[in-house]
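Biologist: I would like to learn how to read aromatic rings and a helix in a model of this kind. Could you take me through them one feature at a time?

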Amino acid sequence: MSINEDNNYFDLTLIMRIEEINLRMFAADHTVSVGQYFEMLSELLTVSDEALQTLNKFEESGSDKNDYRIIEMLIKAMTNLDFDKYILDFHSMLNAHSKSGNWREAAFYAKQLKKEFTKFSISLKETKLTAKPKNLINSEIMLSEYIALLDEEEAERKPLILAIDDSPVILRTVSSVLSDDYKVFTLPKPLELKRVLKKLSPELFLIDYQMPDINGFDLVPIIREYEEHKDTPIIFLTSEGTTDHVTAAIALGADDFIVKPFNPDVLRERIAKYIVKKKLF
């Protein structure tokens, strides 16, 4: 099955953020192409619009056989996509209405579903695209392979942080704390900074103050020599957080000072503050 000509494309990065959809698990469990998956999503959206109208009838106890058929189509579409969250409630609504004749119970399920499923349907519609994604060269690519490609692109878009510290333990800790949101390049040998800056262009520097080969403060003028780094945020990590140290660091052109041992949340919040500020200006 190949993707239709009516531009049924979706933003999978947005789909992965929808709580009810476990896209990675689906891709791992099913051998389907991106085109096939997009077809399945399109079918679900088509029947969802009809189903939402039908829920009004179930809530008012005015449903008929065609309404049952629409809900059954919706259940099938969700089952094909492993969207399990609402399936049981839809089944319960149908069973309450048809088998037990309990219209009040069916109306209760319909009311709840209309509220929750409407939000889900809107979220899914917002992922629909009018043109093929630029990175989707062939819709026959396997869904799992395409997700891996998206992950690689997301990693490339992460801001780059250069962490300079002579302690491997500190560098591993910094990398572990920040790696979900940033690309972290660790440099245990500060004297190699110039060589590194010929190849990398960090969006923030995280520098230890006391190192055996060179004082961390001495790295600031080196960084500021580069035109592209005249305003790049510099944060010092040090065990000496006196007023004199802070004043000296700021005077040299650093932006902030974090005392070791640091709180991971404080480190993340402080870095996020400067990364966002840099993007704004």
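Biologist: Is Phe83 buried or exposed?

Modeller: In this predicted model, Phe83 has a relative accessibility of 3%, and because buried means under 20%, Phe83 counts as buried. Phe120, at 2% relative accessibility, likewise counts as buried.

Biologist: How is a pair of aromatic rings described?

Modeller: Such a pair is described by the distance of the centres and the angle of the planes. The structure holds 12 aromatic pairs. In one of them, the rings of Phe58 and Tyr68 have centres 5.5 Å apart and planes at 55°, so this pair is tilted. Phe58 belongs to helix 3 and Tyr68 to helix 4, so the pair ties together parts 10 residues apart in sequence, and both Phe58 and Tyr68 are buried.

Biologist: Which kind of pair do Phe83 and Phe120 make?

Modeller: Their ring centres lie 5.7 Å apart with the planes at 85°, so the pair is edge-to-face. Since Phe83 lies in the loop between helix 4 and helix 5, and Phe120 in helix 6, this pair ties together parts that are 37 residues apart in sequence. Phe83 and Phe120 also belong to one aromatic cluster with Tyr86, Phe90 and Phe117.

Biologist: What covers the buried residues of helix 4?

Modeller: The cover includes helix 3 (34–59), helix 5 (87–98) and helix 6 (103–125), while the buried residues of helix 4 include Tyr68, Ile71 and Leu74. At the start of helix 4, a side-chain oxygen of Asp64 comes to within 3.1 Å of the backbone nitrogen of Asn66, and helix 4 is followed by Asp82, which has a positive phi near 60°.

Note on methods:
Residues numbered from 1 in each chain as written. Predicted model: local features only at pLDDT ≥ 70, side-chain atom pairs only at ≥ 80, totals over all residues. Heavy atoms only, no water. Buried < 20%, exposed > 50% of the residue type's maximum accessible area, 1.4 Å probe, protein only. Helix = DSSP H or I, 4+ residues; strand = E, 2+ residues; numbered from the N terminus. Contact = heavy atoms within 4.5 Å. Polar contact = N/O pair within 3.5 Å; in protein donor to acceptor, adjacent residues only side chain to side chain. Phe/Tyr/Trp six-rings, centres within 6.5 Å; stacked < 30°, edge-to-face > 60°.
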